[in-house]
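The following paragraphs lead the reader through the structure shown below. Please keep the sequence and the model at hand while reading.

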Amino acid sequence: MTTEIKICMGSACFARGNYKNAEIIEKFIEDNNLDAKIELYGALCENKCEVGPNIYIDDKIYNNVDEEKLMVILESLKND
């Protein structure tokens, strides 16, 4: 079963940090050989700008995602 990560790349989320979060996720996938387990893709504005940057993992939304929060989320995916 693959995990889907959708990262909002709308202007507000992008400017608030998802440009960097996308790089962190890509590096994490590569460093942990998770290419077959995680599908990463970007999305246009998800209309939740006020609580961004936003990242969706499967059916769950994460708001105000900074690097620290993102690493906790990603580490939990390794154990699934």
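Asn 18 counts as buried, because its relative accessibility is 0%; here buried means under 20% relative accessible area, exposed over 50%, and partly exposed in between, with a 1.4 Å probe and protein chains only. This is a predicted model, in which local features need pLDDT of at least 70 and side-chain atom pairs count only at pLDDT 80 or more, whereas totals for chains, interfaces and linings use all residues. Residues are numbered from 1 along each chain as its sequence is written, and side-chain values use heavy atoms, with hydrogens and water left out.

Asn 18 lies in helix 1; helices (H or I, at least four residues) and strands (E, at least two) are DSSP runs, numbered from the N terminus. The side chain of Asn 18 reaches the backbone oxygen of Cys 8 at 2.9 Å. Beyond its neighbours within four places in sequence, Asn 18 is in contact (heavy atoms within 4.5 Å) with Ile 7, Cys 8, Met 9, Cys 13, Pro 53, Asn 54 and Ile 55. The C-alpha atoms of Asn 18 and Lys 6 are separated by 11 Å, the two residues being twelve residues apart along the chain.

One of these contacts, Asn 54, is found in the loop between strand 2 and strand 3. Is Asn 54 buried or exposed? With a relative accessible area of 0%, Asn 54 is buried. Its side chain makes a polar contact with the side chain of Asn 63 at 2.7 Å. A polar contact is a pair of N or O atoms within 3.5 Å; within protein, one must be able to donate a hydrogen and the other to accept it, and residues adjacent in sequence count only if both atoms are side-chain atoms. Leaving aside neighbours within four places in sequence, the residues in contact with Asn 54 include Ile 7, Cys 8, Cys 13, Asn 18, Ile 61 and Tyr 62.

Helix 2 comprises twelve residues, 67-78. At 1.5 Å a residue, helix 2 should span 16 Å, and its end C-alpha atoms are 17 Å apart, which agrees; the expected span is 1.5 Å times one less than the number of residues. Which residues of helix 2 are buried? They are Leu 70, Ile 73, Leu 74 and Leu 77. These residues cover an arc of only 95 degrees around the axis, so they lie on the same side of helix 2; the arc is that of the directions from the helix axis to the C-beta atoms. The buried residues of helix 2 pack against strand 1 (3-8), helix 1 (11-31), strand 2 (38-43), strand 3 (55-57) and strand 4 (60-62). The face turned away from the buried side of helix 2 carries the exposed residues Glu 68 and Val 72.

The rings are considered next. A search of the whole structure finds one aromatic pair. Phe 14 and Tyr 19 form this pair, which is tilted, at 5.7 Å centre to centre and 50 degrees between the planes. Rings of Phe, Tyr and Trp (its six-membered ring) pair if their centres lie within 6.5 Å; planes under 30 degrees apart count as stacked, over 60 as edge-to-face and the rest as tilted. Phe 14 is partly exposed, with a relative accessible area of 38%, and Tyr 19 is partly exposed at 43%.
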